Amino acid sequence: MTDKTFNIELIDGKGNGLIALRDISKREIIFKEKPFVWEFKSKYNEAKKQVKLCHLCGAYLSHAKIDPVKCFHSNENGCNALYCSEECRESDKNRGHKWICKESNSFTHSLIKQLEDFDENGHFRLCLYVYCMIAKVYEETNISNDNVFFSPIEAAEQVLNGFHMADFCKIMKAIRDNTLEVNDDLFHNIIAPAYFVSYLNGGYEIIKEIMKDPSSWKSHDANDELLTKFMSSDIFSESYFRNIMGAFLSNNLEIKIILENNEMLIGSGLYSTYSKMNHSCECNTIVETDLYCGTEVIVIAARDIKKGEEIMTTYLHEDPKLYAVKHRKRDLIQYLFHCKCNLCTIEESEGGGEDDDASQEDY
Ligand SMILES: [Zn+2]
Ligand SMILES: [Zn+2]
Ligand SMILES: [Zn+2]
């Protein structure tokens, strides 16, 4: 490709990052991207039932002026998933829609309802989609390669390739550290396990139940043996589950859609390219979403960007310039890195960040 705008490269100490391959001018669209998975907060479940949204990309179908396409399994009382295009329907099939298709059976359906009950932010459902994708990749690869056994963890690595899998509990520790001194022993032996049992564990058990539903595997010939291997693998261990949850919690972006009645639906989405952008308090892009159309993000150059420069976003919820220094640092702490942008470096050399090095050691 001659006009490639950026490359995804490994950057020292930062993991992945986007590097400009040519000069980019201010206001230029650098890329547009649909989420890998997304979900609205559960308090919008009722509103969601009343409006027609593409089951995959979240496009608001009333605005789209196109005839929606139904789920492959759609029938009178079965799945009512609608898509904005054949392409979205196919992609949803490829991410393992069959595990959560309401056509599959009422047992799965009732488990999904239970999951929604304590899934305020939609993170468990995001996690469920990822498990569906892993199962799909695992199943297809093993069916098509008779001789090579492809493990669920390999499938997971393929699906989650490149996402930063920060340990969920480390994030919780950092958030807590900001208000309360918690030492490592206390955290690892008491808080993390308690948190897992009280909050994560319920969702984890239901997701396992949904995934082991054999009826969804029966559409293929290879089923029982593969299913047993899949279910008994490390992919359903507590620690792997925490990794997958951690991938959302450290990478997700808030998404919003405005309906015709001006009601706003809020949720979160995981974006493959966007999640690889690093933070700078002086970031050189702005991120826009088309509130009336769906969940696509549009990343635009906020100023001229030179070839070779890193293309950066901000993890803060507002323009970094509007923050007081200490609030900016407080809000960044949960991301577990030390910002080395010009703004932070200057402030620190002027004495604004006196105990930064000490606090850095703690997480
Ligand atoms: Zn769509
Ligand atoms: Zn369906
Ligand atoms: Zn900074």
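Predicted model: local features only at pLDDT ≥ 70, side-chain atom pairs only at ≥ 80, totals over all residues.
1. Overall make-up. The protein has 363 residues, of which 33% are buried. Its secondary structure consists of 13 helices and 11 strands. Among contacts with a separation of 6 or more, 68% join residues 24 or more positions apart.

2. The largest nonpolar core. This core holds 49 residues. The members that touch the most others are Cys-127, Leu-128, Val-130, Tyr-131, Ile-134 and Ile-207. At least two residues each come from β4 (37-40), α4 (106-117), α5, α6, α8 (184-211), α9 (223-231), α10 and β10 (297-301). Helix α5 provides the largest share, with 13 residues. The two contacts discussed below both involve this helix.

3. Helix α5 against helix α10. The axes of α5 (residues 123-144) and α10 (residues 238-251) come within 10 Å and cross at roughly 120 degrees. The pair is therefore oblique, as angles of 65 to 115 degrees would count as roughly perpendicular and those over 145 as roughly antiparallel. The crossing of α5 and α10 is right-handed. On the α5 side the contact is made by His-123, Leu-126, Cys-127 and Val-130, and on the α10 side by Ile-244, Met-245 and Phe-248. By class, these residues comprise 6 nonpolar and 1 polar, with no charged residue.

4. Helix α5 against helix α6. The axes of α5 and α6 (residues 152-159) come within 8 Å, again crossing at roughly 120 degrees. That angle makes α5 oblique to α6, and the crossing is right-handed. Helix α5 contributes Val-130, Met-133, Ile-134, Val-137, Tyr-138 and Thr-141 to the contact, while Pro-152, Ala-155, Ala-156, Gln-158 and Val-159 come from α6. The contact of α5 with α6 contains 9 nonpolar and 2 polar residues, and no charged ones.

Notes:
Residues numbered from 1 in each chain as written. Chains lettered and ligands numbered in written order. Axes fitted to C-alpha atoms, helices over the stretch in contact; angles between N-to-C directions. Helix = DSSP H or I, 4+ residues; strand = E, 2+ residues; numbered from the N terminus. Parallel < 35°, antiparallel > 145°, perpendicular 65-115°, else oblique. Left-handed = near helix turned anticlockwise from the far one by under 90°. Contact = placed C-beta atoms within 7 Å. Nonpolar A, V, L, I, M, F, W, Y, C, P; charged D, E, K, R; others polar. Buried ≥ 20, exposed ≤ 12 C-beta atoms within 10 Å, placed from the backbone. Core = buried A, V, L, I, M, F, W, Y, C linked by C-beta atoms within 7 Å.
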